[in-house]
Amino acid sequence: MIDVTGGNIKPKGFFERYVKVIVILAVIAGSASGIFGSVIEAPSMAIGFWRLTFGLPVFAVPFFRRGKGIKELRTVSRQSLVYTTFAGAFLFLHFFSWFSAVKLTNIASASVLAALHPLVVLFITVFVFKRHVGRRPVMGILCALAGATMIAGFDYKELASGSFKGDVLSLGAAIFMGLYFAMGHEARKSISGNTYVFLCFLCCWICFAAGMLVTGTSFTSYPTEDWIYILGLTVVCQIGAHAVFNLCMGHVSSLYVSAWESGEAVSATILAFIFLGQVPEEWQLIGMVIVVIGLVYYNYYSSLESNKTEEIEDIENELQS
């Protein structure tokens, strides 16, 4: 966004200029989660705990550097801190629900239900935060979700073969993901990216640490391969995906991030073909095309609405100056 203050125009930075492309790259990174999760033998609570344990120091460095994060905390509103805390808690619930779900039900069922999170974000955006979302962007989201459903294999036989408990957990993963995105968007309005990412992941780590103690889950005693895969999961998915999503929400809406994240089914299918040799069916390829069409449609019309909003804000700023 271009800031207009007293006639001075501030050019966009690199991150802000290419934020929509960065979101797509983060989605691709996040789609590798299924591959890592399928080969890790450790329980869900341990996966989440060590994933955050390995990643948290990376985010602590910019927060504590020269005391910038500490100084910022003194000026951040209590409301923003509450949003950040809830975002971390919902991220914990999403991680735990998702990794538990894929151990209890088939991937098709889990993917279908977990991909519903844009609807959660849409509901919160419209009915809780009272923001306008155009009819055409909504149509693009629904189109992308329909394509994701085809990719996941949404039919009666696939759902019937899954565990009911696993399906419920998958639906919970979608709800918690939507809440996580919505809370993050509100928090990022007044908190810098580095500070928000550290605080959000710290809250998530605390939840996992408490969960490990309450459930009596072993902190170690896992095969060497698990540690390697969890480290890879941390670098690719925690840092390359979720951290980037949080940074992006300072420049685009949570609905935009959530909509593109639902397209993860496309990149997940491609990665599964490359690394696991899983050849997609014809109907999955059709679903991929539908997802791309839906997301491009959404991106185009949401950009038009965003530009209109920016023009109105610029005019209001000029009138006030």
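This is a predicted model: local features need pLDDT of at least 70, side-chain atom pairs count only at pLDDT 80 or more; totals for chains, interfaces and linings use all residues.
At what angle do helix 4 and helix 6 pack, and how far apart are their axes? The points below take this up after the overall picture.

1. The protein chain holds 16 helices and 2 strands.

2. **Burial and surface.** Of the 321 residues in the protein chain, 49% are buried. The chain exposes about 16000 Å². Carbon and sulfur atoms supply 67% of that area.

3. **Helix 4 against helix 6.** Helix 4 spans residues 44-64 and helix 6 spans residues 78-104. They pack at an angle of about 135°, and their axes lie 8 Å apart. Helix 4 is therefore oblique to helix 6. Their crossing is right-handed.

4. **Who makes that contact.** Helix 4 contributes Ser44, Met45, Ile47, Arg51 and Leu52. Helix 6 contributes Phe92, Phe95, Phe96, Phe99, Ser100 and Lys103. By class, the residues of this contact are 7 nonpolar, 2 polar and 2 charged.

5. **Histidine 185.** This residue sits in helix 11, residues 164-187. Is histidine 185 buried or exposed? Its relative accessible area is 15%, under the 20% cut-off, so histidine 185 counts as buried. Setting aside neighbours within four places in sequence, histidine 185 is in contact with Arg131, Met249, Val252, Ser253 and Ser254.

Notes: Residues are numbered from 1 along each chain as its sequence is written. Side-chain values use heavy atoms; hydrogens and water are left out. Helices (H or I, at least four residues) and strands (E, at least two) are DSSP runs, numbered from the N terminus. Buried means under 20% relative accessible area, exposed over 50%, partly exposed in between (1.4 Å probe, protein chains only). Accessible areas come from the Shrake-Rupley method with a 1.4 Å probe; for residues, only the protein chains shown count as cover. Axes are lines fitted to C-alpha atoms, for helices over the stretch in contact, and angles run from 0 to 180 degrees between N-to-C directions. Angles under 35 degrees count as roughly parallel, over 145 as roughly antiparallel, 65 to 115 as roughly perpendicular and the rest as oblique. A crossing is left-handed if the near helix is turned anticlockwise from the far one by less than a right angle, and right-handed if clockwise. Contact means heavy atoms within 4.5 Å. Ala, Val, Leu, Ile, Met, Phe, Trp, Tyr, Cys and Pro count as nonpolar, Asp, Glu, Lys and Arg as charged, and the others, Gly among them, as polar.
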